[in-house]
Amino acid sequence: VVKFRRTGESSRSEEDGISGEHEVQIEGVRTELEPVELGDGAAVPKEFANPTDDTFMVEDAVEAIGFGKFQWKLSVITGLAWANAMEMMILSILAPQLHCEWRLPSWQVALLTSVVFVGMMSSSTLWGNISDQYGRKTGLKISVLWTLYYGILSGFAPIYSWILVLRGLVGFGIGGVPQSVTLYAEFLPMKARAKCILLIEVFWALGTVFEVLLAVVVMPTLGWRWLLILSALPLLLFAALCFWLPESARYDVLSGNQEKALATLKRIATENGAPMPLGKLVVSRQEDRGKMRDLFTPHFRWTTLLLWFIWFSNAFSYYGLVLLTTELFQAGDVCSISSRRQEVKAKCSLTCEYLTEEDYTDLLWTTLSEFPGVLVTLWIIDRIGRKKTMALSFLVFSLCSLLLFLCVGRNVLTVLLFIARAFISGGFQAAYVYTPEVYPTATRALGLGTCSGMARVGALITPFIAQVMLESSVYLTLLVYSGCCLLAALASCFLPIETKGRGLQESSHKEWGQEMVGRGSHSPGESQE
């Protein structure tokens, strides 16, 4: 039996079974056909690819094409941009070196770290606006090239004021690199999105590990200037390969460039060896892009405010733990810090110590704790959902912070610190998965940019807690971090939208559940949160 439909009838009509279809019996044709089953994430065979739909959206095409060679290439290239973690990790190596070499007082050393976060905080929203107005690829390329240029220039800084300004400009560029997540997410099918975004988070951990290993080789021989220059290598490689990057098809459709978006989708289908959906590419609804007020519409107001606090808490706790780790390791345990502080106050503020091989080893072990965080998050994020993953990460960090109140030995202290850092980094990764999924295409980059800006506020404040407040009360310091993460866990639970199992939202005018969520991913009776 061959079924066909008259031209002009909607493929989505509920009356297809009444008047839209006709049957013709053909003699001599084998009727016992074998069923075809598709595995999870498998591309639709060409003979079955959307044979009757008159129109399709970008989300339909991305789901039909599936994950393949194109996405693997995109993972590596955007991962190179994400390896800017080297520019962050270098702060813990550069500060003590300049403290000794240029005889800087401690407040100037702290300012050298803070100015990077000031630059990141001031630019995050700007890069989000650029990405929403001029394209994801454009915003990402400019921010990476900006970071590369001033990162290399920092190696030639003659005096403190110059390196202070140049590192601030590096931070300004780093504020735009999270837009790589926006570009990356918009090319991923729903079932692979969480795992793939976590995959490029691995590049962050790899960047920090590579920075420590590079410092072990370079610092004793070539010095900190060459370390600054060589640390820009991943961004230099990205700049050489970024010509391959396409613009987001979702952005092109929203901008009215359907032909360019269609060409991009055909390129992906060709590289993946998968068929394109048949029909005409359409956009759900044309709307303005990248306005701040769109983040505070009734549908997204609470989501935006809660996400801002979640991102603030993530950065506040993550970077605070990095600073606390050095203090706690040097003291041996929490109970030894008070007596150690009394001894330090008697010393000159210009007293300095160069990093030793043991210090680099401790830095390396601390950095390696991020990999378990990636693995745990990867395992649970699609099982319990994005909201619960973030809440669990904050709760475990809060518990470990409270356990530090005990006068434990160095081995137990190390285990607690590693568990805490693994889970808080996992919470950060879950936020990077959730945020691009929850906002529609029109405000996705802006939403991610403002959240990243709030994270920089937390990173800017945390040195005053982890270093200044620690001098007066270590227990109050730990209580602040524990309480902040406990509130962040509650905020994660109160987020109104769970994005697990949903496609990226194309329009802010559609309610959740109306967007395409992958062929066959939901049965008619399945509930939508």
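This is a short tour of the model above, one selection at a time.

**Before you start.** The model is predicted: local features need pLDDT of at least 70, side-chain atom pairs count only at pLDDT 80 or more, and totals for chains, interfaces and linings use all residues. Residues are numbered from 1 along each chain as its sequence is written, and side-chain values use heavy atoms, with hydrogens and water left out.

**Select the whole protein.** Colour by secondary structure. There are 21 helices and 4 strands. Both are DSSP runs numbered from the N terminus: helices (H or I) have at least four residues, strands (E) at least two. Of the 529 residues, 54% are buried. Buried means under 20% relative accessible area, with a 1.4 Å probe and protein chains only. Show the surface next. The accessible area (Shrake-Rupley method, 1.4 Å probe) is about 23,300 Å², and carbon and sulfur atoms own 63% of that.

**Select Phe 117 and Tyr 319.** What kind of aromatic pair do they form? The pair is edge-to-face, 5.0 Å centre to centre, with 65 degrees between the planes. Rings of Phe, Tyr and Trp (its six-membered ring) pair if their centres lie within 6.5 Å; planes under 30 degrees apart are stacked, over 60 edge-to-face, and the rest tilted. Phe 117 sits in helix H5 (residues 106-134) and Tyr 319 in helix H14 (residues 301-331), so the pair ties together parts 202 residues apart in sequence. Phe 117 is buried at 4% relative accessible area. Tyr 319 is buried too, at 12%.

**Move to Phe 300 and Tyr 439.** This aromatic pair is tilted: 5.7 Å between centres, 35 degrees between planes. Phe 300 is in the loop between strand E4 (280-281) and H14, while Tyr 439 is in the loop between helix H19 (410-438) and helix H20 (444-472), so the pair ties together parts 139 residues apart. Phe 300 is buried at 2%, Tyr 439 at 0%.

**Widen the view.** Ring pairs link Phe 117, Trp 311, Tyr 318, Tyr 319, Phe 428 and Tyr 432 into a cluster. The whole structure holds 18 aromatic pairs.

**Select helix H2, residues 58-65.** Is this helix enclosed or open? All 8 of its 8 residues are buried, so H2 is largely enclosed by the rest of the structure. Show its neighbours. The buried residues of H2 pack against strand E3 (55-56), helix H9 (190-218), helix H12 (249-254), helix H13 (258-272) and E4. Step past the end of H2 to Gly 66, where phi is positive, near 80 degrees.

Methods
Buried < 20%, exposed > 50% of the residue type's maximum accessible area, 1.4 Å probe, protein only. Contact = heavy atoms within 4.5 Å.
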